[in-house]
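Subject: Structure handover

Hi,

Here is the model I promised to pass on. My notes follow below it.

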Amino acid sequence: MSHRPPSGLAAVSAALLAMSRHLEVRDVLKTIVASARELLDAEYAALGVPDDHGGFAQFVVDGVSDEQWKAIGPLPRQHGILASMLHEAKPERLADVRKDPRFEGWPDAHPDMSDFLGLPIRDGEEIIGALFLANKRCPKPEGSCGFTAEDEELLAILAQHAAIALTNARLYERSRELTIAEERSRLAHELHDAVSQKLFSLRLTAQAATALVDRDPARAKGELQQVAALAAEAVDELRAAVVELRPAALDEDGLVATLRTQIQVLDRAHTARVTFESLGIRALPAAQEEALLRVSQEALHNALRHSGAEHVGVTLARHDSGTLLRITDDGGGFEPTAIRQAGRHLGLVSMRDRANGVGGRLTVESAPGKGTTIEMEVPGG
């Protein structure tokens, strides 16, 4: 590395620092890919994280536009050159990937690639990903690879640090998920204990009132007043528990960070690509933030479970004097009137109630084969 110019060392240092700043897995992956492409002056870069079913849980690219990526189609499977990175666990530097016997062709919209450099990302003995670069921007003599041994050495250093950054990000997200699960479990126990006791007392008092109605109406009246008092207490305790169920992440991180984290988790868990964009949002009142989060969760659930969408996009942006949440999918869509007539609301009633409850409004646009767009607008932000 001593013969690399100072600007190269500075670029490596900047890339490593950038990786260490991010805690969310998706952000780490994007930083690794962008850094590798810039450092090695490649036209394209990608990083794949394998799942347990012969595909990729995540596949992040740099150098390909969103429109191109959408046209390419579903995430690649672990076959051909990609598989060799993950299963043979050795670097691959090729003058023309298209001439390799393992090459199986591109999807129709895939950009054409020639010289290729790939490297596995290891955490100890486990391969947790693979980093790919293609089309070095340099003159290439006929039959030779633009990527050099020096490039391979540099990418190996980057991959070692990428493994650390990716592992740390996974541990961080896992700890957050465990904290949320433990908190919800605790609240569930408290809710069960408190409300169950009140309802048990309520039932016994109502039974006593029933037995006294005929032979002692005055005492029966007193018991019924006690029923009303116990019911009011149960309602108060239930409301208090529901307020406490406000997602902890909202208070700690705010709406934008909470949405980003949850959407990244959904993006990993589903075959559909789930994206998030935030534009100029300031802090909102707690009730509005929670309503926006709950509506986005309901809309995302519908899109990912029922629509068959390949891409679901969530945008949170300032709009006129308010804040606009938009969830759009390219799925099968539906006829809103037919859904209402069939008595299947897909959570739309609940979403509208949440929007109305914080002074906002909800609109739904959909048609069979045309996807669905749900918008919620609230004042402020």
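How many bridges join β9 to β10, and in which sense do the two strands run? Six bridges join them, and they run antiparallel. Helices (H or I, at least four residues) and strands (E, at least two) are DSSP runs, numbered from the N terminus.

First, the ground rules. This is a predicted model, in which local features need pLDDT of at least 70 and side-chain atom pairs count only at pLDDT 80 or more, while totals for chains, interfaces and linings use all residues. Residues are numbered from 1 along each chain as its sequence is written, and side-chain values use heavy atoms, with hydrogens and water left out.

**The sheet with β9 and β10**

Five strands form this open sheet, in the order β6-β7-β8-β10-β9. Its pairing is mixed; two strands pair if DSSP finds at least two bridges between them. β6 and β9 are the edge strands, each pairing on one side only. On average, neighbouring strands are turned by 10° against each other, direction ignored. Axes are lines fitted to C-alpha atoms, for helices over the stretch in contact; angles run from 0 to 180 degrees between N-to-C directions. Thr 363 has Glu 375 in β10 as its bridge partner. Helix α10 packs on the sheet and touches β9 and β10. The direction of α10 makes about 145° with that of β9.

**The cores**

A nonpolar core is a set of buried Ala, Val, Leu, Ile, Met, Phe, Trp, Tyr and Cys residues joined through side-chain atoms within 4.5 Å. Buried means under 20% relative accessible area, exposed over 50%, partly exposed in between (1.4 Å probe, protein chains only). The largest core has 33 residues. Leu 255, Leu 325, Leu 362 and Met 376 have the most contacts inside it. Elements giving two or more residues to this core include α7 (248–269), β8 (322–329) and β10 (372–379). The largest share, eight residues, comes from α8. Beyond its neighbours within four places in sequence, Leu 362 is in contact (heavy atoms within 4.5 Å) with residues including Val 295, Met 351 and Ile 374. A second, separate core has 29 residues, among them Val 28, Leu 119, Ile 121 and Leu 133.

**The other sheet**

Five strands form an open sheet in the order β2-β1-β5-β4-β3, with antiparallel pairing. β2 and β3 (92–94) stand at the edges with a single partner strand each, so one side of each has no neighbour in the sheet. β3 and β4 pair over three bridges. Leu 94 stands opposite Phe 116 in β4. Helix α2 (residues 25–39) lies across β1 (42–50), β2 and β5, at about 40° to β2. Helix α4 (residues 80–87) lies across β1, β2, β3, β4 and β5, at about 140° to β5.

**The rings**

Rings of Phe, Tyr and Trp (its six-membered ring) pair if their centres lie within 6.5 Å; planes under 30 degrees apart count as stacked, over 60 as edge-to-face and the rest as tilted. The count comes to five aromatic pairs. Phe 59 and Phe 132 are stacked, 6.2 Å centre to centre with 25° between the planes. This pair links β2 (residues 56–62) to β5 (residues 126–136), 73 residues apart. Phe 59 and Phe 132 are buried. Phe 116 and Phe 132 have centres 6.2 Å apart and planes at 35°, so that pair is tilted. Phe 116 is buried, with a relative accessible area of 7%; Phe 132 is at 4%. Ring pairs link Phe 56, Phe 59, Trp 69, Phe 116 and Phe 132 into a cluster.

Best wishes
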